[in-house]
Structure formats: C-alpha cells, structure tokens
Amino acid sequence: MTINKYINNYFLFLFCILPLTIVLGSTVSLINIILIDLSFLILIIYQRNFDFIRSKPILYLFLLYIYLIFNSFISIDFNEGFFRNFGFIRIILLFMAFNFFFLQKDFHKKVFKFWSLIIFIVLLDVFIEAIFGKNILGFSGREQGYGLRIVSFFKDEPIVGSYLSGFYLLIIGFLMTELKDKNFLFVSITMILIMVGIFLTGERAITIKTFLGLSLFLLFINLINIRKKIIIISAIITIVLFAVFNPFVEEGFLKHRYGRHLDRLLVKDNVYFLNYKYGFEIFKENKIFGVGNKNYRVESCKIENIKKYTNLCNTHPHQIYFELLSEHGIVGSFIILFILFKLVFSKILITLNSSNYLKLGSFIYITLIFTPLLPSGAFFSNYLLTIFAINLSIFYALDEKLNVFRKKNKY
C-alpha cells in the first residue's frame with residue numbers, strides 16, 4: 001500500500017482540516033469529505049485494491065446503505081430524505097479512507113497534532129466569549145438570542161459544546177498515548193479545561209455526557225493510578241460547583257447560561273419530554289417502518305398535528321431513540337441498532353481489554369450518543385453523522401485487528 005509522497009500529503013491535508021471544515025459549515029465539511037471520498041476512490045481503482053470490500057464492517061455499512069435507500073421509497077415524502085439517505089455512501093467511503101491512510105506510518109500522529117491545535121483554539125475561544133461576552137471574531141450568543149450560551153465560531157448556533165464533545169476524548173487519548181505518564185499534569189489540566197469549557201457553553205445534555213464520558217475514560221485507562229483519577233474528577237467537580245455557586249459571578253448563572261428556571265426541569269413542563277411524547281405518538285401511528293428519514297419535520301408540522309399536539313412543529317424529536325422509532329419504525333430501528341451493535345458494541349471486551357486509548361475514546365463517544373432519555377441532535381444530520389463517522393472510523397482504523405485493510409482482518 002505504498003503511495004506517492006505528494007498523494008500522501010494531499011490526503012494528509014484533507015484529513016487535517018476535517019474539524020476545521022465542520023466549524024466553517026456543513027457545505028464546506030461536505031465538500032471536504034467528497035474530495036476525500038472521490039480521491040480515495042480513484043486511488044483504490046488505480047491500485048486495484050478491492051479485497052477489503054469483503055470485510056464484515058464494510059458489508060454491514062453497505063447493508064445499512066441499502067436499508068436507507070429502501071427507507072426513501074417508503075417515506076411519506078420521498079424528496080425530504082432522498083439526499084440524506086442516498087448521500088450516506090460518503091460515510092462508507094470516508095470510513096474506508098480512514099482505514100487506508102491511518103495504516104501509513106505516522107499519518108495519524110500528524111493528523112491528531114493538527115486536530116489538537118484546532119480543538120485548543122476553539123476551546124480558548126469558548127473561554128474568551130464566556131469572559132468577555134464575544135468571541136475573537138465578535139460573535140455572541142447573547143446577540144443571537146441565546147442569553148449567556150456560547151456560540152464561538154459557529155456564530156448563530158449554540159453547538160460548540162457538542163463539537164468539542166466529539167473530539168475531546170480522541171485528543172486526550174492521543175495525548176496520553178504520546179506523552180504517557182511523564183506529563184500527567186499537562187494531560188490533567190487539558191481534561192479539566194475541556195470539561196469546564198463545555199460546561200460554560202450551556203449545553204446541558206452535552207455537559208452531562210461529557211462528564212460521564214470523561215469518568216468512564218478515566219475508569220478504564222490503566223496509565224494512571226486511582227489516586228490521580230480521583231484528583232482529576234474532584235478538581236472538575238470543584239471548579240464547576242464554584243462556577244455555579246460563586247456569589248461574584250453574574251446573578252442567575254444557571255437560569256441564563258442554561259436557559260431555564262430550575263422548575264422547568266420537571267418532566268411535565270420540559271419541552272424535550274414533550275418532543276419525546278410527540279415522537280412516540282408519531283411512532284404509534286407508523287409502527288412498522290416509521291414516516292421515513294428526515295420526515296419527522298413533515299409529519300409534525302402538518303396542520304392537524306400542530307393543533308393536536310400543542311404546536312410541536314419541529315425538525316426532529318431531540319432524542320435518538322424517539323427519532324429512530326418515529327422515522328424508521330420497529331423494522332428500521334432494529335436494522336440500524338443491530339448493525340451498530342455488530343460494528344461497535346459487540347467489540348466492547350476487545351476495547352476495554354486493550355490499551356488503545358484512541359479506540360477507547362471513540363468507543364465511549366459512540367456509546368454516549370445512544371444514552372437513553374438525554375436530548376440529542378438528529379443522528380442522520382450532516383453535522384452529527386460526520387462526527388460519528390470520524391469516531392467510528394478511528395475505532396477501526398487504529399486497531400491492528402479491526403482495520404479493514406489489514407490482511408488478517410477477521411472482524
């Protein structure tokens with residue numbers, strides 16, 4: 001699999017800027033992925049390297065692709081989910097490209113060094129906006145109507161917390177792999193800063209998932225002892241509590257940063273649980289195949305349903321299981337979850353018994369996407385699916401047994 005150094009550098013550049021293109025917007029991100037996919041496809045055809053297609057992960061991904069195409073034809077609005085379903089091929093090709101190039105010597109190290117720089121710049125920008133009210137480009141969550149929630153480089157969307165959560169375990173895993181126990185203080189400070197930064201963004205569900213993810217990561221790594229693990233977790237809890245209850249911070253921190261009075265956390269008043277309820281109602285009327293990928297917005301915004309379900313017209317139910325049930329029904333949800341189980345969750349023992357911290361980080365991120373009850377973004381949206389695909393690809397690409405281009409792959 002030797003490739004020309006100029007071709008290698010070309011792909012290295014495209015992989016390095018992946019997190020940056022996500023920040024720049026879905027269109028830029030999509031163009032970058034298409035460039036990787038088409039270039040990789042040309043390279044593979046030129047090399048006549050097709051043995052990997054018979055590997056089980058690739059077959060499972062194509063099975064999912066076939067189902068999504070079928071889902072388009074049984075959707076209540078074919079045009080609504082057409083590009084999302086047929087465009088899933090880009091994720092399969094990106095998965096292949098990750099596996100191919102991360103076998104090249106030091107390729108992934110160069111990529112993660114650049115990713116670390118991007119993530120640290122975004123994290124710094126979060127703190128700048130939290131302190132001064134505007135980020136380094138002058139964007140402000142307050143001016144966009146989000147109160148004290150942080151938008152950072154995303155300008156008009158408060159999603160920087162979910163963005164950081166998609167990469168932080170990969171960055172920490174990379175730092176721990178490269179620095180070992182020699183720079184415990186640096187890695188510890190990085191963990192704490194990321195956790196606090198995500199907390200400051202005001203994204204409640206992401207904050208909870210980040211804390212759970214970091215706790216699980218520390219639980220399963222063997223590079224540092226229990227005492228150090230306790231110190232890190234205690235430091236994070238202390239800093240967060242200080243930020244919340246410090247009398248010198250702006251009055252109403254929780255209310256403004258997190259956008260609700262504490263009594264709104266009650267189930268009967270929580271807008272997310274109302275969305276869950278509506279998603280379940282749509283599922284009950286479309287039990288077998290659902291309304292179709294991306295068609296929740298069509299069904300929920302019908303005039304008769306707006307009146308029936310207290311004006312809950314929305315793009316998705318804001319919870320992955322209700323999204324799957326309402327848009328894919330029992331059959332589609334089973335197919336999707338079964339494939340994800342075979343791809344990821346069936347490898348839990350291999351993951352936990354290894355010392356591959358990048359693999360562990362990606363596994364924990366993927367697992368937390370499927371956390372019950374907590375709100376989530378639309379799984380098949382370009383934004384979330386891209387970050388998911390990156391983590392899934394790394395989960396395989398950096399494992400000597402799972403990488404689909406290794407000749408002895410049995411998985």
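Here is a short chat about reading helix packing and one serine in a predicted model.

Visitor: What describes two packed helices?

Guide: You want the angle between their axes and the distance between the axes. Take H4 (residues 56-73) and H6 (residues 89-101): their axes come within 10 Å and cross at roughly 170 degrees. Angles over 145 degrees count as roughly antiparallel, so H4 and H6 are roughly antiparallel to each other.

Visitor: Which residues in H4 and H6 meet?

Guide: On the H4 side, look for Pro57, Ile58, Leu61, Phe62 and Tyr65; in H6, they meet Ile89, Ile92, Phe95 and Met96. By class, that contact has 9 nonpolar residues, with no polar and no charged ones.

Visitor: Now a single residue. Is Ser165 buried or exposed?

Guide: The cut-off for buried is under 20% relative accessible area. Ser165, found in helix H8 (residues 160-165), has 9% relative accessibility, so Ser165 counts as buried.

Visitor: What does the side chain of Ser165 reach?

Guide: The backbone oxygen of Ser162, at 2.7 Å. Setting aside neighbours within four places in sequence, Ser165 is also in contact with Ile198, Ile206, Thr210 and Tyr365.

Visitor: And across the protein, how many contacts join residues at least 24 apart?

Guide: Counting contacts between residues at least 6 apart in sequence, 71% join residues at least 24 apart.

Notes. Residues numbered from 1 in each chain as written. Predicted model: local features only at pLDDT ≥ 70, side-chain atom pairs only at ≥ 80, totals over all residues. Heavy atoms only, no water. Axes fitted to C-alpha atoms, helices over the stretch in contact; angles between N-to-C directions. Helix = DSSP H or I, 4+ residues; strand = E, 2+ residues; numbered from the N terminus. Parallel < 35°, antiparallel > 145°, perpendicular 65-115°, else oblique. Contact = heavy atoms within 4.5 Å. Nonpolar A, V, L, I, M, F, W, Y, C, P; charged D, E, K, R; others polar. Buried < 20%, exposed > 50% of the residue type's maximum accessible area, 1.4 Å probe, protein only. Polar contact = N/O pair within 3.5 Å; in protein donor to acceptor, adjacent residues only side chain to side chain.
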